[in-house]
Amino acid sequence: MSWFKREDNEIVNDSEKTVRTEGLWIRCSDCGKILFKAELEANQQVCWHCGHHFRIDARTRIENLLEPGYELVDLELRSTDPLNFTDLKPYKRRLAEAQAKTGLNDAIVNAVGQLGPHSVVLSVMEYAFIGGSMGAVVGETIARAVDRSLATRHPLIIVAASGGARMMEGIASLMQLAKISAGLARMDDAKIPYISVMTDPTTGGVTASFAMLGDLNIAEPGALIGFAGPRVIEQTIRQKLPEGFQRSEFLLEHGFLDAIVPRKEMKEYLSQTLSWMGA
Ligand SMILES: [Zn+2]
């Protein structure tokens, strides 16, 4: 491992180290240990020293959960920028940049396929696309996943990763909360299972609607889950929040979650749960 070699008594400065190791190694944001990226990838982006779950993209998530041969669906929707919104940057440009960065049209991917022995509809949010925020396209895509479940009676799994509603779409964004919730109520009437998987972070309007409406609400370890973020709450109530507030473990302890499931056990857990639910 030549990049660790040093000349006798010569101390390599930090910037030099960064350049030499860039792209191959990453520092765990939890335990601070240096991890080999390829090994981290093979370990489903979970630190083997401390169990920290790094964020993963939607397509990797789908790969991890479904058997080969799954199909990506509902890919054709695109935002129209209904408010012609401009903040620091025009919304249209922000969308174009996010599309180029992620290769997706918006912050969501729907897939249909097999999870173990079960045919499922899987909807996965993409945090790298404008913070996984939910506008009309994300809402409509999830609504279509619900419709697919209703039409086929296959269980629905939604993996949330979101900063909440997309402010650049204003009320069109907020409407999605009601639309998806109404769809999930229809699934409930039809007795089709819906499992919500919350990952880091799941906040705002997503937590306030479908993420907390599962027949089973589960989360990955250490995920930030809440409505308003901890900084906003602290600034509003002018109090320090308790240790671990809004993390999965805190929510499980206080009855907001049914289980915390490590990423590497997620597929098996979902499969067993769906069997148990009679799906
Ligand atoms: Zn770690």
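Reader: Hi! How are the donor residues of the zinc ion spaced in sequence?
Author: The spacing of those donors is C-x2-C-x15-C-x2-C. This is a predicted model, where local features need pLDDT of at least 70, side-chain atom pairs count only at pLDDT 80 or more, and totals for chains, interfaces and linings use all residues. Residues are numbered from 1 along each chain as its sequence is written, and side-chain values use heavy atoms, with hydrogens and water left out.

Reader: Thanks! Which atoms coordinate the zinc ion?
Author: The SG atoms of Cys28, Cys31, Cys47 and Cys50 do, at 2.2 to 2.4 Å. Donors here are N, O and S atoms within 2.8 Å of the metal (3.2 Å for Na, K and Ca); water is not among the atoms, so sites may look incomplete.

Reader: And what geometry does the site have?
Author: Tetrahedral, with angles of 106 to 113° among the four donor atoms.

Reader: Is Cys28 buried or exposed?
Author: Cys28 is buried, at 2% relative accessibility, while Cys31 is partly exposed at 32%. Buried means under 20% relative accessible area, exposed over 50%, and partly exposed in between (1.4 Å probe, protein chains only).

Reader: New topic: where is the cis peptide bond?
Author: It joins Asp200 and Pro201, with omega about -10°. Pro201 sits in strand 7, residues 194–202; strands are DSSP runs of E, at least two residues, and helices are runs of H or I, at least four, numbered from the N terminus.

Reader: What about Lys191, what is its phi?
Author: Near 60°, a positive value in a residue other than glycine. Lys191 lies in the loop between helix 6 (170–189) and strand 7, and is exposed at 69% relative accessibility.

Key. Tetrahedral: all angles 85-135°; square planar, octahedral: opposite > 155°, others 65-115°.
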